[in-house]
Amino acid sequence: VIDYPPAIRRLIQAFRQLPSVGPRSAERFALHLLGTDPHAAETLGQTILETRKAVRPCRACGFFAESELCPICENPQRDSTLACIVAHPAEVLAIEKSGAFRGRYFVLGGLLSPLDGVGPEELRLDRCFAELESRGVTEVILGLGADVGGETTGLYLAGEIKKRGWTVTRLATGIAVGGDLEFVDSVTLGRAITDRKSL
Ligand SMILES: [Zn+2]
C-alpha cells in the first residue's frame, strides 16, 4: 500500500495534535500547504515561531503579555484591591468584553482535579495568594464556572481567601452551568459580575 512520503505524514501528525482536528482535516491542511505558494507556508511557520517567542504569561496575573506585565496590570486605573480569579486566559477576555469589571485578574492555568493528581501544589496556588497579598487585595471574585472542576476549585479557594480576611464573592448563579465562561454572552456575564454573591 502506497502512503504519503514520511515528511507529509509527519506534517499530518503535527496537525492532528491541535484541538478538534481529526485525521481528515489534518490531511487537508497538510495538502493545502503543499499545494499553495511556498511563501504562504513560510509565513505560517514564521508566525507560529514569532508568536511563541513574543508572548509570555504576565508576571502578575498570568494573562498573555508581550512584556513583563499585561496591559491590564500595567493600567493604573484598574483597582488592585479587587481581583477576579479565572481558570484560563480566554476567560479574562470574556469578562473584559462585559465591561462590568474594573479590578485585576489572576489566571490559575487550570482547575483542581484531585482524581487526576492536580492539587493546590500542582496549580501553584501559593503563588496566587502571594500575588494577591502583594496587591493589597480586599475582595476576590471567583470567576470559575459552575462545572465540577469550577466548584471544587471555588470551594478550596473560598476557604483560603476567608482565612486571609478578604471578602470572597462568586458570579451570580444562572450562568454557565457545566459550561465555560468563555461562551457566556457579555450582557449575562456583566450582570453576573454586578450581582455577585458573597460566600
Ligand atoms: Zn497581568
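Strand 3 (residues 79–86) and strand 4 (residues 103–107) run parallel and are joined by 5 bridges; strands count as paired if DSSP finds at least two bridges between them. Look at Ile 85: its bridge partner in strand 4 is Phe 106. To get from strand 3 to strand 4, the chain passes through helix 5 (residues 89–98), and this β-α-β crossover is right-handed. That term means that, with the strands pointing away from you, the path from the first strand over the helix to the second runs clockwise. Helices (H or I, at least four residues) and strands (E, at least two) are DSSP runs, numbered from the N terminus.

Strand 3 also pairs with strand 5 (residues 139–142), in the parallel sense and over 4 bridges. Here Ala 83 has Val 140 as its bridge partner.

A quick word on the model: it is predicted, so local features need pLDDT of at least 70 and side-chain atom pairs pLDDT 80 or more, while totals for chains, interfaces and linings use all residues. Residues are numbered from 1 along each chain as its sequence is written, and side-chain values use heavy atoms, leaving out hydrogens and water.

Now for the rings. The whole structure holds 4 aromatic pairs, meaning Phe, Tyr or Trp rings (six-membered ring for Trp) with centres within 6.5 Å; planes under 30 degrees apart are stacked, over 60 edge-to-face, the rest tilted. Phe 15 and Phe 29 are edge-to-face because their planes sit at 75 degrees, with centres 5.4 Å apart. Phe 15 is in helix 1 (residues 6–16) and Phe 29 in helix 2 (residues 23–35), so the pair ties together parts 14 residues apart in sequence.
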